[in-house]
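Me: I have a model open and want to talk through how it is put together. Can we go piece by piece?

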Amino acid sequence: MDASEAMRVNRALNKMSKLYRAAKARKLAALGLHPGQDVLLWVLAQERDGMTVSQLAARLGVEQPTATRSLARLGDGGWFRREPVPTDRRQVRIVVTDAGHRLVPRIEQAWAELAGQAMGQVGEERRAIVLDALEQANDTLRALVGEGPLAEE
């Protein structure tokens, strides 16, 4: 790849990343969420019986203290509750409440709307090519930084 093409790729990815995050933040704000909280709540909601903070951190591909801080920021919404783990009093299970489960379809709708707005003008065939290229680039970058696949992807 020559320098001109490399600059074009870097500029496009950087700009898209910033714009996508800003647009996502606006959509999530309407739900009372910040970026990242949507994925955390969605991942939690996939387990009806909840999960421990360490399980959540593993699913998100983050360290346990990061998951703990994220839960603390999300805690005021009433979207989950903490329950003791009967077999280990040191741990708690994070269980999504009914209110949290009702929010999940709205999160998924926000994701679908944003994806449609971002890629809606691109034809189906070209969209498939773009998605394949982005997924391949993500896989390559994950290998470069030593990360495995993430739960939300």
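Me: What do the buried residues of H3 pack against?
Reply: This is a predicted model. In it, the buried residues of H3 pack against H2, strand S1 (51-52), H4 and S3.

Me: Which residues of H3 are the buried ones?
Reply: Val-53, Leu-56, Ala-57 and Leu-60. Looking down the axis of H3, these buried residues fall within an arc of 100°, so they line one face of the helix.

Me: Why would residues at that kind of spacing point the same way?
Reply: An α-helix has 3.6 residues a turn, so residues three or four places apart point the same way.

Me: OK. What comes just after H3?
Reply: Gly-61, which takes a positive phi of about 75°.

Me: And H4, which residues are buried there?
Reply: H4 covers residues 64-74, and Ala-67, Ser-70, Leu-71 and Leu-74 are buried in it. Seen down the axis of H4, the buried residues fall within an arc of 100°, so they too line one face of their helix.

Me: What's on the face turned away from the buried side of H4?
Reply: That face carries the exposed residues Ala-72 and Arg-73.

Me: At what angle do H3 and H4 pack?
Reply: About 105°, with the axes 8 Å apart. That makes H3 roughly perpendicular to H4.

Me: Which residues meet there?
Reply: From H3, Val-53, Ser-54, Leu-56 and Ala-57; from H4, Gln-64, Ala-67, Thr-68 and Leu-71. By class, the contact of H3 with H4 has 5 nonpolar, 3 polar and no charged residues.

Me: Changing topic. How many aromatic pairs are there?
Reply: The count comes to 1 aromatic pair. Trp-42 and Trp-111 form it, and the pair is tilted, at 6.0 Å centre to centre with 55° between the planes.

Me: Where in the chain are Trp-42 and Trp-111?
Reply: Trp-42 is in helix H2 and Trp-111 in helix H5 (residues 98-119), 69 residues apart, so the pair links distant parts of the chain.

Me: Is Trp-111 buried or partly exposed?
Reply: Trp-111 is partly exposed: its relative accessible area is 24%, and buried would need under 20%.

Me: I also clicked on Val-95. Which strand is Val-95 in?
Reply: Strand S3. Val-95 is buried, with a relative accessible area of 4%.

Me: What is Val-95 in contact with, leaving aside its neighbours within four places in sequence?
Reply: Arg-48, Asp-49, Gly-50, Trp-79, Phe-80, Arg-81 and Glu-83. As for Ala-45, 50 residues from Val-95 along the chain, the two C-alpha atoms are separated by 7.7 Å.

Me: Now the whole protein. How many helices and strands?
Reply: There are 6 helices and 3 strands. Along the sequence the pattern reads α-α-β-α-α-β-β-α-α.

Me: What box do the C-alpha atoms fill, and what share of the residues is buried?
Reply: Taken along the principal axes, the box is roughly 60 × 35 × 25 Å. Of the 153 residues, 27% count as buried.

Me: Last one: among contacts between residues at least 6 apart in sequence, what share joins residues at least 24 apart?
Reply: That share is 52%.

Technical notes:
Residues numbered from 1 in each chain as written. Predicted model: local features only at pLDDT ≥ 70, side-chain atom pairs only at ≥ 80, totals over all residues. Heavy atoms only, no water. Buried < 20%, exposed > 50% of the residue type's maximum accessible area, 1.4 Å probe, protein only. Helix = DSSP H or I, 4+ residues; strand = E, 2+ residues; numbered from the N terminus. Arc of directions from axis to C-beta. Contact = heavy atoms within 4.5 Å. Axes fitted to C-alpha atoms, helices over the stretch in contact; angles between N-to-C directions. Parallel < 35°, antiparallel > 145°, perpendicular 65-115°, else oblique. Nonpolar A, V, L, I, M, F, W, Y, C, P; charged D, E, K, R; others polar. Phe/Tyr/Trp six-rings, centres within 6.5 Å; stacked < 30°, edge-to-face > 60°.
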